[in-house]
Structures are given as structure tokens and as C-alpha cells.
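Q: I have just opened this one and would like to go through it with you. Could you take me through it step by step?
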Amino acid sequence: MSTNVAYYIPHKATWPVIATAGLVTMLAGFANYLNGSSIGPTLMVVGLVIFIVMLAGWFTLQSGESESGMYNTQVGISYRMGMMWFIFSEIMFFAVFFGTLYYTRNLSVPWLGGEGTGAATKELLWPTFEATWPTNGPKGLGVDASGARTFGAEFEPMGAWGLPFLNTLILLTSGVTCTWAHHGLLAKNRDQLIKGLIATVALGFTFVAFQAFEYHEAYTEMGLTLGSGIYGSTFFMLTGFHGFHVCIGAIILSVVLFRSTRGHFKPENHFAFEAAAWYWHFVDVVWLGLFVFVYLM
Amino acid sequence: MSAVTAEHVDHHDDHDHGPAKGLLRWVITTNHKDIGTLYLVFALAMFFVGGIMAMIIRAELFEPGLQFVQPQFFNSMTTMHALVMVFGAVMPAFVGLANWMIPMMIGAPDMALPRMNNMSFWLLVSGVLLLASTLFMEGGSPAAGWTLYPPLVLQTGNALPFAVFSVHLLGISSIMGAINIIATIFNMRAPGMTLMKMPLFVWTWLITGFLLIAIMPVFAGAVTMLLTDKFFGTSFFDAAGGGDPILYQHIFWFFGHPEVYVMILPTFGVASTIIPVFARKPLFGYSSMVYATASIAFLSFIVWAHHMFTVGMPVAGELYFMYATMLIAIPTGVKVFNWTATMWKGSLTFETPMLFSIAFVVLFTMGGFTGLMMSIAPSDFQYHDTYFIVAHFHYTLVPASVFILMAAGYYWLPKWTGHMYNEKIGQLHFWLSAVSVNILFFPQHFLGLAGMPRRIPDYAVQFADWNMISSIGGFIFGASQLLFLYIVIDTIRGGTGEKVTDEVWEDAHKHGLEWTLPSPPPYHTFTTPPTVIPTEHI
Ligand code: HEM
Ligand SMILES: [Cu+2]
């Protein structure tokens, strides 16, 4: 309202429908795949291609509009609010899995072990079960090499001080390099901006690579899989969704990096950078939560 | 106050402003009025799709014994009826109203994020299509109830992943819609439209938007775990691996209880908007309405396990959730008293929107009272999973949310179309609906108290009489809604032919900015903000 340019209202948007089509094709493909239908994978690839084309197109459109000064301060506020509330929704999504971890560790597993109102359950169902953490449950669930269900399986829990600790340092450092890049942007130091972003993206992908290595170890050496009872379920669900978010964050940062090399962003106008940085810090904080509650405790 | 002059209305700053030609207009539109219309039309269509499912349910329950459908299909119908009505009809209808009305009520040129607005709508459509496609799949649609409880829901056939992804899409759609609404309300208000001057519809949607962003990811997380339990070997809800099926219920209801408020808070908002106009008085207790709405929203996050009194929670949990639930009756009561006080000594007239709103106040209160009965944990052991709870939530949803949606339709259709609806048929629609809805749902209280369980296609003969009466009410109610369809189409095509004024209802301009605009409003409104803000409601 303070600027003299009116609030920009785009007309005739085509990317949103295309985005929806891509998304729904991907999901329908995935559902078909899970049901064992042969068109599943094809649909997924088609959906993914539509989605990637859409991302490129929509990003180009928005950044072009932004650079040509079509967005006034008020539009910028709308975008920032949008991003903030989106991150809030992501926090709630992660809260579900942290809540699940809390509930199973502190309530349902002890109940299975006979605590509280669980005494009769334990006696009747699984009299020998000892409630400890980590656990793969009274039946000791696991999977064998062919992916079939096994019972009484053994597994080794993931320690905190090897790769996970290294990954913590990596993500924390990437938070610093991200902020350093931001300072560069504010000080009109493009070199610092680009170097900072390259470092951040590189650290992000290193994190993902280490995580992939850790998963590989878990599956091949430690007998720890998604099917390893509640420990395996919560471990892979939490770290898996987090890793997925690191990938998204790193991709967003790559787009921002690409735009930075094209001379985009000004000290007073760089919403995309801010959004990417907020998202990155969010992913960072989630990791700290994971490190403490999944690995350490 | 002075009417907003034409220059405020037709002024454009850009060069590309008319709607696109032909059907494509509706696919690529970013205009809040177009998108509002899309949402409302879609919701109305889904109201009838869900309605047909309800008719199947009531037909089967007309008599004891199995008449028309197989038990599995019957349970698919109860499940799909609920999902379609909640996610396809009631929620989208309120988003449609938000799209149409919020920018016009706060003097904004459009929604804050118009492209995302378009995407929210199409995600909704694709989510509902994915869900509807399960009707034709091997194993049928989900039949475990709309709550999708494991382990039962894991026995669903091919439909399971489609249902899960449908929830994901609907969730993204709702979150985007909610973000848009919040950003619009915080960022797009005309100068002088302070928060405490906003119409209550805007306030209630602001708070609903917050609820949606907080809970839709929770539901998405819950169904994701269903998916991995079924296909990827996790054991979140499987005690053999250390998980717990009750955990799903906790997560679901952490979403589910606020979700019912997502459907009722905007209802409150519309009622608070309509009643003062026809009582010709300012709303009684505006700020207490705002605070009551906020308290209800807050409380809705800490009462979820009142849906789970019978699962074997520790006694401390039972007591806590019992008392916390009872607390909700306080802000809810504040609202009911405020609406009543608004009507007190007003010069009331009883046009169709007002009739539906008064019926809402009375019948919603009924639903609130049965809610209070069920909040008493020991009593709920008797009521739980019986027709009593079916009666409870239908009173809070049908003669409340749905009635208010009808009221909103009658109230704003003249503004949207520029035509007056046929008041005689409107009144007929009201009386048929109001009487039949009670024939339909009131007997279900008796059935539930006598012990008839919900979600069964067959029942003991002692329940026969009330079921038959309920079904007859249901058929009348269902058929009466065709009148509404007729009125909507008729009004769009010219209605009574009477020319409606800008304010449509006597002195409505004192109650909201939308009534200062022409009827129908031009494609773009308030491209420059209005300068005079109505303050009647304060
Ligand atoms: C005074 C306020 C309310 C109270 C105290 C209340 C209390 C309750 C309780 C205790 C139950 C669980 C019953 C059982 O399963 O045994 C319940 C169920 C339900 N309530 Fe309410 N309620 C209130 C208002 C509402 C409103 C406003 C709505 C919706 C607009 C609503 C919708 C529902 C629904 C849909 C269910 C059933 C869910 C299911 O099991 O499928 N309630 N309510
Ligand atoms: Cu509830």
C-alpha cells in the first residue's frame, strides 16, 4: 500500500492446472504400482516429467515477474506470509512422527511390557516381552534379504556419534554458509553470495549422500530396516522424511544459486532467497530434533 | 456512509483484465469470484453425490434385514458419504464463500495469492476424483468408516492407496486455500479495516485457516503411516512390532476434532453476518464473538480423546478429556446467547436466509447439548458408536453447517447474480427441510439410547419403527434439496425478474462492504481500496 504500484494480480494462470495434473498423475501411478499394476511406473514417470517441466516454467515466470519489478512491497508480504504458514504446516507434519515416537516409547511399548493398565495384556499375549528401547516389538519383527517378514529378528540400533554426528556438523555449517551468503547479498557482494550458496548446496547434498550411506549400512550390515518393528518404522520414517526435505531444500537453493549467477536479487528485494533460507533453517532445526530424540536418547 | 462510487469499482491498473473466453476461463482463472463460483458449484454437485449415498443408506435401513445392498457396500456408503460430504461438500462450500466474500468484505482487489488459489481448487477436484474412482475398484471403496481406523482399514482392497493419496491431495488443497485466506486477511485489508472492524465471517475464517494449516498435515501423516503399514512393512499400528492401533486414533482425532470446528466456525461466522441484518440491529457482543471463536479453536486442540472414551485410556485421561470437553460448551454458549440477544427486541423479518439462520441457532443448540451428554465419560460408554452419536453430529452438521450454507446461498445469490430468488419456493424449501431434518435425525437419538449400533446394514426388529420414520424423513429431506437446486439455477437465469438494488436487503450496507458494490459486482472490485468502512457491527 505504501508503494505506488498497484497490487499485482496475475491473470489466466496455466501452471497451476499443469502442476495439479502432474501431481495427480504421479500419485495415481504410485497407487497403481502399489497395487501391482503394470502401468504404475509409466504413469509415475509421466507425472514426474510434467511436474519438472511445470516447476521450470512456473519458476521462470515468477522470477521474470519479480525481476521486472511487478511485485510491490505488499505482494512481497503476501509471499512471505505464504512461506511462513507453509513452514508451519511442515512443522505440524513432522510433529506427527515425533509424536508417534514419543507415544510408542513412553506409552505403548511400556504398556506392552505390562505397565499401567497393560498387566493383563502382557500376561495373556506376550508374557516374555521386556519393554526396552530400541525394540522391534513382542514378536521381534524384521525382514529377510528377500523382503519377507521374519519373527524374532535381531537388529543393531543406529548409533549417534558416527555419521549422524558428522551430518549434524554438516547441516549446522550449511546454516552458517547460508547466512553468510545472505550477508553477501545484502552487502551487494555477489561473489560472496554465490560462494555461500555453492557451499550450502554442496553441504546439503553431502548430507544426503552420507544419509544414503547410513541407510545402506543399516540394511546390509545392521539388520535394521523399515520392517524392524517400531524402532525401524520410526527411525526410517523420521529420518527419511527429513532427508526428503533436505533434498527439496537443496533443490530450492540450487534454483536460487542459478538465479544469483544470472544477476537476480537486490538487497531490498529477494523473496526467493529468503524463502529458501527459511526453509533451510527449518530443515536444520528438525535435524537437531532428530539427532536428540532419534539418535541420542 | 456513502456508497462506493463507480470509479472505485471499475478502475484498472493492468491491461489484461477480462475473463478468458469460453470454458477455458474456468480452468485458468485466478479471479476470486470465478474461483468462488467453481468451489460453490463443485460443492453443490458433491452435496448431491453424497446425498445419493445417504439415500442408499436410508433405503437399506428402512426395514430390518438386508434389502438392497451387501454389507460391504453398505459400509462403503457410510464411509464415502462422510468423506464426500466433509471434504467434497461442506469444506469446499465454505472455501467458496471465503473466496467470493472475503475480498469484498475487507475491500481487497482479490485474494493475496491468486495462482495458488486456482491450484487449490484443482487439487480439490483431483483429490475427490481419486476418492470417487475407488467406487469402481476391486475390493470396493474404503468401508472402514470415514475415520479409516486400522487394522480394519488395512483390509481395504485396491482402494487403499488411492484413498490415502486422495487425502494427501485434499490436504494440500486445504492448506493452500487456508494460507491464501490468512494472507488475504492479514495483508489485503483496506485502510481503516482494522482487525476488530472485520465482519465475523472474516474473523471466523481467519481462525479456521489457522486450524486447517495445523491439522491437515496431521491427517496426512496418519494416512501415510497407514500406507507404510500396509505396503512397506512398518508397524506403527501393529502391536506385534511394538506399535499400537490406538495411536492411530489419537492422531486421527487430533486432526478430527479440530476438523469438525473447521466446518462449524465459518458457519458461526455466516450466522453472525445474517442475523443482525434481518433483526435490524448490530450484532450483540461482537468482541465476545471473536474471543469465543478463538477459545473454541484453542480448546479444539486439547479435547480429542473424547472420541476415544471406550478404548481403555488411563482414568486420568478419561477425566481430563471429559472436563476439557465440557469447557467447550462455555464459548459455544456465549455465541448462542449472543445470537439470541441480537434478535431480542429487533424488528425481525423472516426471509429465507433468516429462517435458515434461526433454525440453525435452535437446532445447533440441540447438537451442542447431545455433545455435552457424550462428554460425560461414563455416560459415553453407553452412547459411543450408537445412533445417538450419529444424531449428535448430524444435528451439528446438517441443520447447522448445511442450513447456514443454504442461508448463505439465499443471502448472497442476489448479490452474486443481480437477480432475486423466488421467496415463495425458498420458504417452501426451508419448511420442508426444517421439518424433515427433524423427522430424519430426532428418532436416531432414541435408537442410539436403545442401543442400536452405527455402521450396520441390518438391525434387531425392536429398532424397526424409528428407523422407518427416520428413513421417511430422509427421503423427504433429500427430495426437498432439489428445490434448492432449482432455485439456484432459476436465480442465475433471472429469478423473479425483479431488479435488485446494491444493498439487496434493507440497510445491509451498514453491515458489510459487499453491499456497497453493484449487484452483480463487476469482475474486478476494489482495485483501489474503499475509503469508508461500515461499523454497524461494532
Ligand atoms: C458443545 C460442543 C460439542 C461437544 C461437547 C461434542 C462432543 C462430542 C463427543 C464427546 C463425541 C464422541 C462421541 C462418541 O464417539 O462416543 C462427539 C462426536 C462427534 N462430534 Fe461433537 N461435540 C460438540 C460439537 C460438535 C460440533 C460443532 C460438530 C461439527 C460441526 C461435532 C461433530 C462431531 C462428529 C462428526 C462426531 C463423530 C465423529 C465420529 O465418530 O465419526 N461436534 N462430539
Ligand atoms: Cu470431537
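Q: How much area is buried between chain A and chain B?
A: In this predicted model, about 5,600 Å² is buried between chain A and chain B, and carbon and sulfur atoms give 74% of that area.

Q: And in chain A, which residues lose the most area to chain B?
A: Those are His11(A), Lys12(A) and Trp85(A), which together make up 12% of what that side buries.

Q: How many residues does the contact take from each chain?
A: The contact takes 66 residues from chain A and 71 residues from chain B.

Q: What about salt bridges, how many are there between chain A and chain B?
A: The count is one, and in that salt bridge the side chain of Glu65(A) meets the side chain of Arg115(B), at 2.6 Å from N to O.

Q: Which element gives the most to the side of chain A that touches chain B?
A: That is α3(A), with 21 residues.

Q: How do the residues on that side of chain A divide?
A: On the side of chain A that touches chain B, 41 residues are nonpolar, 21 are polar and four are charged.

Q: Changing topic, how many aromatic pairs are there over all chains?
A: The structure holds 78 of them; one of the pairs is Phe207(A) with Trp287(A), which is edge-to-face, with 5.0 Å centre to centre and 90° between the planes.

Q: What does that pair tie together?
A: Phe207(A) lies in helix α6 of chain A and Trp287(A) in helix α8 of chain A, so the pair ties together parts that are 80 residues apart in sequence.

Q: Is Phe207(A) buried or exposed?
A: Phe207(A) counts as buried, because its relative accessibility is 0%, and Trp287(A) is buried too, with a relative accessible area of 0%.

Technical notes. Residues are numbered from 1 along each chain as its sequence is written. Chains are lettered from A and ligands numbered from 1 in the order in which they are written. This is a predicted model: local features need pLDDT of at least 70, side-chain atom pairs count only at pLDDT 80 or more; totals for chains, interfaces and linings use all residues. Side-chain values use heavy atoms; hydrogens and water are left out. Contact means heavy atoms within 4.5 Å. Buried area is the accessible area (1.4 Å probe) that two parts lose on being put together, summed over both. A salt bridge is a side-chain nitrogen of Lys or Arg within 4 Å of a carboxyl oxygen of Asp or Glu. Helices (H or I, at least four residues) and strands (E, at least two) are DSSP runs, numbered from the N terminus. Ala, Val, Leu, Ile, Met, Phe, Trp, Tyr, Cys and Pro count as nonpolar, Asp, Glu, Lys and Arg as charged, and the others, Gly among them, as polar. Rings of Phe, Tyr and Trp (its six-membered ring) pair if their centres lie within 6.5 Å; planes under 30 degrees apart count as stacked, over 60 as edge-to-face and the rest as tilted. Buried means under 20% relative accessible area, exposed over 50%, partly exposed in between (1.4 Å probe, protein chains only).
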